[in-house]
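The entries below follow the order in which I looked things up.

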4 protein chains.
Amino acid sequence: MIKAGIIGSTGYAGGELVRILTGHKEVEIVWYGSRSYVDKRYAEVYQNMFQIVDAKCMDDNMEELAKQADVIFTATPQGLCASLVNEDILSKTKIVDLSADFRIKDVSVYEKWYGIEHKSPQYIEEAVYGLCEINREDVRGARLVANPGCYTTCSILTAYPLAKEGIIDMSTLIVDAKSGTSGAGRGAKLSNLFCEVNENMKAYGVASHRHTPEIEEQLGYASGEKVVISFTPHLVPMNRGILATEYASLKKDVSWSDVKEIYDKYYQKEKFVRVLDEGVLPETKWVEGSNYVDISFKIDPRTNRIIMMGAIDNLVKGAAGQAVQNMNLMFGLDEAEGLNLVPMFP
Amino acid sequence: MIKAGIIGSTGYAGGELVRILTGHKEVEIVWYGSRSYVDKRYAEVYQNMFQIVDAKCMDDNMEELAKQADVIFTATPQGLCASLVNEDILSKTKIVDLSADFRIKDVSVYEKWYGIEHKSPQYIEEAVYGLCEINREDVRGARLVANPGCYTTCSILTAYPLAKEGIIDMSTLIVDAKSGTSGAGRGAKLSNLFCEVNENMKAYGVASHRHTPEIEEQLGYASGEKVVISFTPHLVPMNRGILATEYASLKKDVSWSDVKEIYDKYYQKEKFVRVLDEGVLPETKWVEGSNYVDISFKIDPRTNRIIMMGAIDNLVKGAAGQAVQNMNLMFGLDEAEGLNLVPMFP
Amino acid sequence: MIKAGIIGSTGYAGGELVRILTGHKEVEIVWYGSRSYVDKRYAEVYQNMFQIVDAKCMDDNMEELAKQADVIFTATPQGLCASLVNEDILSKTKIVDLSADFRIKDVSVYEKWYGIEHKSPQYIEEAVYGLCEINREDVRGARLVANPGCYTTCSILTAYPLAKEGIIDMSTLIVDAKSGTSGAGRGAKLSNLFCEVNENMKAYGVASHRHTPEIEEQLGYASGEKVVISFTPHLVPMNRGILATEYASLKKDVSWSDVKEIYDKYYQKEKFVRVLDEGVLPETKWVEGSNYVDISFKIDPRTNRIIMMGAIDNLVKGAAGQAVQNMNLMFGLDEAEGLNLVPMFP
Amino acid sequence: MIKAGIIGSTGYAGGELVRILTGHKEVEIVWYGSRSYVDKRYAEVYQNMFQIVDAKCMDDNMEELAKQADVIFTATPQGLCASLVNEDILSKTKIVDLSADFRIKDVSVYEKWYGIEHKSPQYIEEAVYGLCEINREDVRGARLVANPGCYTTCSILTAYPLAKEGIIDMSTLIVDAKSGTSGAGRGAKLSNLFCEVNENMKAYGVASHRHTPEIEEQLGYASGEKVVISFTPHLVPMNRGILATEYASLKKDVSWSDVKEIYDKYYQKEKFVRVLDEGVLPETKWVEGSNYVDISFKIDPRTNRIIMMGAIDNLVKGAAGQAVQNMNLMFGLDEAEGLNLVPMFP
């Protein structure tokens, strides 16, 4: 059994890690980290875990955790993992960091968008960007994996094959994304109250959201050019789900089948990426609770644009599910172990 | 592998059966019955099943189904199972009927509340009422199981130990129940439209809901007396979940611990019944997607009443999950196989 | 023009007061009190008021307010109004207190249920319980009106005529109430976050909710006997609305028409109470945004109980609307001025 | 009093017309048309109108209606108004058509996008496109007003000043719009069921939605060039509200203040258009129940794009409210009469 520790286990992503790992045959959770609930029984924080998880919450002691765990998941705000990681820890354990600390290779870009100093830039190069479908081989050998963001996972995977194959004009790429409210975290903030979110819809972080440079960097690798995009996230009155609607001008005259072939080239063997049939558009509910990415697209001859759409569950493929997928790769397990989650409908 | 056929596989309960059985190690679904979608691919009806289920929907041919399947689930409106079942079919296969046809032992009560003639009353006596926690032994040997209703499962299990032990005055029992909208089915009805249900709450079927006699009959067996209750269902703007709030006068002077002991006597070994700690009240979200029943209670010395509360996922413990639990018992499998579903939060 | 001041104008009830008074022909708001947002423009707190309200939020200075305003609304937590009111203030202005401070005539009951010392018990007797339909004449002459609670308004009005006429056995009265989340206020609390409330339903404050003694006191006056009830509030994933389902044993053999006649005796001339036609049950959405109370009932001969149901918008008839109705009475205006709000559907 | 008749009064837009006109001082509704509910009391269809509207629903007899009414609102599916209107009717009454029949000047464009033959193309030229803020003068003199679509109202008003002033490159304009579910109408369709919409988000009508040519035509007039856009509508789990997020490349180097000045040039005197302060983004909830359009924008120097955002209540400014605004203009009334609706929050 692989021993796993979770720092930040009482946030929504942390809770989802617990839910998924509880059903994982090769993993045992040995550390439910939660600075806010130290010594409180985990099942009192998340009553759904009553009679399933018996443990109490523990403080964030990464040194100690490194001794006890084979893998540490850090489901914490930006800066924490970078401030704690060191060679001693990495020599004893593997880390899947769900924060943004090691996602962006250019430390100045990170520091500019996140507004904090990076405390361990020496590990940025080593860290592998854990978008499994793209960096699978590198993940296998990694000690430190930077688990992608929720918006970024959805946005990148939806456009990746077309960026890679040079079908779309990257300078025209616009990503209009919509997210359920669990993406905003479990903090007691006025703007996340039920009555503020329910029956409401808004954009936020326009032209300034932190996931922007992450998408740009990865699609830049794919397309081989510097990519600068418009990215607009929106808050939707639902618990889970991200839908990304992406617009780009086509560089070639292609048919639906041509584009489908390109998607298939990259995703046909991917268990967790489902390219939908012609005319079927992704809906977040169809992937809820699962690790799937559902992708579809429509060619618009009137504007010579292609509209790509992708849907994920932000807490699964956008966070905890992908983290477990990365862990499976890092430990040589079946990549889908623990992730055979059938989407729940309704 | 047990071969399972589902009649009514495209309703919400049928869809949930597919979701659960897909993760069941000992079962293979061989028949996706759906009169409305014959020949349509199942995954086109429920897009969440894309690349998971490849089969097409088939008509309701129970004769043929009986040849091919070891167990048939009928997730259909009242009357269908009773009109089709016969000795030949029961000699070849087992049936778990999710409709009300075989739940009520007194056929005249059934015919009065449901307003239809019972087409095969000869099987009523044989049919086992499939509330596993209460009738486990009988279910094991059954050919025909009447899977309990959603409201009834929740209402009965919440009050059962106290009724059985004679702690409460059954003539004072009032069940005020609240249900998510999936309980209303997938029919295209005006009253189930999003804009009619959302931001709204109402009672319906007051003093006339069909689940009333089912609760009365089972609690009558438990208490050893004729039981007549007030039962009021309400529609709640959420997809899943039933919460039953039950009121009864206490016949004895009991403390919280006394009552907890009684609950424990019946449920401590039950995997799917969780009696909560003192002061913790059930919430439907804490059981969503799982087969759990969460139960709690509060003694009110001011009124000498006890207020019992129970929560289930109406599609799981209230329908498909319990049906699979019954099937597991009927085939001698681990009762929890396929049902180790961790509640999803949020 | 009547000059109105609001203490607590940035809570949900305070915001609703502003919405309603903005459309009131005889009132001008001169003081937007909000301790949390002093000097911030009101429309920055409630952006719906952009270009409608130009004022800034002010501190809670009741002495000064009394000089400037003809009427003060205190939409504040328990204890505040009682701690500030004095003879000097009451000699200069009228007060409609939306908190519980002056609702309960027995100060020991108040102090027991609310757990705080009452700072000005000398005004309790003078204060008029502002349930307009019942205490209209007293309200007209009042200096200090105790505006009823949201649950209590709905619960009392639904049962009042039957309590008054001795039709129901008060010792059997059970009120099972369901409320939208705005009733929980605008505080940034974990339990009110969107993801905690959405897709969830729970009871809370079982056998201990503070609105209980208020209902008991008023229905006690009506029935002429000491009343002790079971009252259970529930939280519903919707913004607005309260539905009360009330159960009581009938003391007489009555028909639907008999009971309707009793309701009509008390409510036929009431603009804001609508007793529905036979077979029509109240839905919270049908009163949303309005000052209506919709009431219906069903007689159950099987149990000899009557099930009464009432629905209100908790922020209007349950708070701000009723406060304005009280103000209209206190100033001799048309009772409905500013309250001709047509329910919004959907 | 102006006598108004409504054809299609039991759809959501029709119901909103009734709600608004009920509060309009100069209007009396004389005809509640509803083919589906002929002879049924209107308040039985919309129970919120109980004791407010006493009338029964009537059939669609436009000839008779023209005799009785000074103005007819047709809140009906495409094709109906065009099939019924004639010179005799227009000589007796004015028409505000909420369908698309007379919105598009090029009949071949209409017939292509709507897939039906236009039955009275002779009135297309005469009909005035009733976007009051743009065509106010023409509306005043009109007999026949084509009330704009919900998406189009929001999309056009959000971009109009910038299109008109030549600030943005129209060939780059992309409109990503999100709508509450009331926009889908009150038809009993599977896809509009609560459980299908709730907790779900999807795009639909991608590159093919019928509101596209309407937006293109109007923005074409504004910019003086042929406009072809990408328009993607999305369905959001909320009752009301449209949010349009619009992207375009800037043709000039402008600051936030420059652009604000342009918006102010067109909208400063407009009661129902609110251009928000810098940094404030529109939210649909802030306009719910009102006739406001809230607009904001952000300049992104990284991409040289401007992101414009607009929010409306689809049933008010997007349908019934604008229809009443048009009627007010047509009859020389105060343009805001009946429309002083304060947005309801929460």
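**Entry 1: chains C and A**

I looked up the area first, and found that chain C and chain A bury about 1700 Å² between them, with 60% of it on carbon and sulfur atoms; buried area here is the accessible area (1.4 Å probe) that two parts lose on being put together, summed over both. I noted for all that follows that this is a predicted model, in which local features need pLDDT of at least 70, side-chain atom pairs count only at pLDDT 80 or more, and totals for chains, interfaces and linings use all residues. I also noted that residues are numbered from 1 along each chain as its sequence is written, that chains are lettered from A and ligands numbered from 1 in the order in which they are written, and that side-chain values use heavy atoms, with hydrogens and water left out.

Counting contacts (heavy atoms within 4.5 Å), I found 20 residues of chain C touching 20 residues of chain A. Between chain C and chain A I counted two salt bridges, a salt bridge being a side-chain nitrogen of Lys or Arg within 4 Å of a carboxyl oxygen of Asp or Glu. I looked up the salt bridge between the side chains of Glu196(A) and Arg186(C), where the N to O distance is 2.8 Å. On the side of chain C that touches chain A, helix H9 (residues 194-197) of chain C supplies the largest share, four residues; helices (H or I, at least four residues) and strands (E, at least two) are DSSP runs, numbered from the N terminus.

I then compared the two copies, superposing them by least squares on the C-alpha atoms of residues with pLDDT of at least 70 in both. Chain C is superposed on chain A by a rotation of 180 degrees with 0.0 Å of shift along its axis, at an RMSD of 0.0 Å. The same surface serves both copies, since 100% of the contact residues of chain C recur in chain A.

**Entry 2: chains A and D**

Next I turned to chain A and chain D, which bury about 4100 Å² between them, 54% of it on carbon and sulfur atoms. In chain A, the residues that lose the most area to chain D are Glu199(A), Met201(A) and Arg302(A), together 17% of what that side buries. The contact takes 50 residues from chain A and 50 residues from chain D.

Six salt bridges are found across the interface of chain A and chain D. I looked up the one in which the side chains of Glu283(A) and Lys202(D) meet, at 4.0 Å from N to O. Several elements give two or more residues to the side of chain A that touches chain D, among them helix H10 (211-223) and strand S8 (174-179) of chain A. S8(A) gives the most to that side, with four residues.

What relates chain A to chain D? A rotation of 180 degrees with 0.0 Å of shift along its axis superposes chain A on chain D, with an RMSD of 0.0 Å. That is the relation of a two-fold axis. In chain A, the C-alpha nearest the axis belongs to Pro237(A), 3.3 Å from it. Here too the same surface serves both copies, as 100% of the contact residues of chain A recur in chain D.

**Entry 3: strands in chain A**

I followed the strands of chain A, where two strands pair if DSSP finds at least two bridges between them. An open sheet of seven strands has the order S9-S10-S8-S11-S14-S13-S12 (chain A), with mixed pairing. S9 and strand S12 (273-275) of chain A stand at the edges, each with a single partner strand, so one side of each is left without a neighbour in the sheet.

S8(A) and S11(A) pair in the antiparallel sense over six bridges, and the bridge partner of Asp176(A) in S11(A) is Thr245(A). Elsewhere in my reading, strand S4 (residues 71-74) and strand S5 (residues 94-97) of chain A run parallel and are joined by four bridges; Val71(A) stands opposite Lys94(A) in S5(A). S5(A) also runs parallel to strand S7 (residues 144-146) of chain A, with three bridges between them.

**Entry 4: a link to chain B**

A search of the whole structure finds 96 salt bridges over all chains. I picked out the one that Asp277(A) forms with Arg41(B), whose closest N and O atoms are 3.5 Å apart. Asp277(A) lies in the loop between S12 and S13 of chain A and Arg41(B) in the loop between strand S2 (27-33) and helix H2 (42-45) of chain B, so the pair joins two chains.
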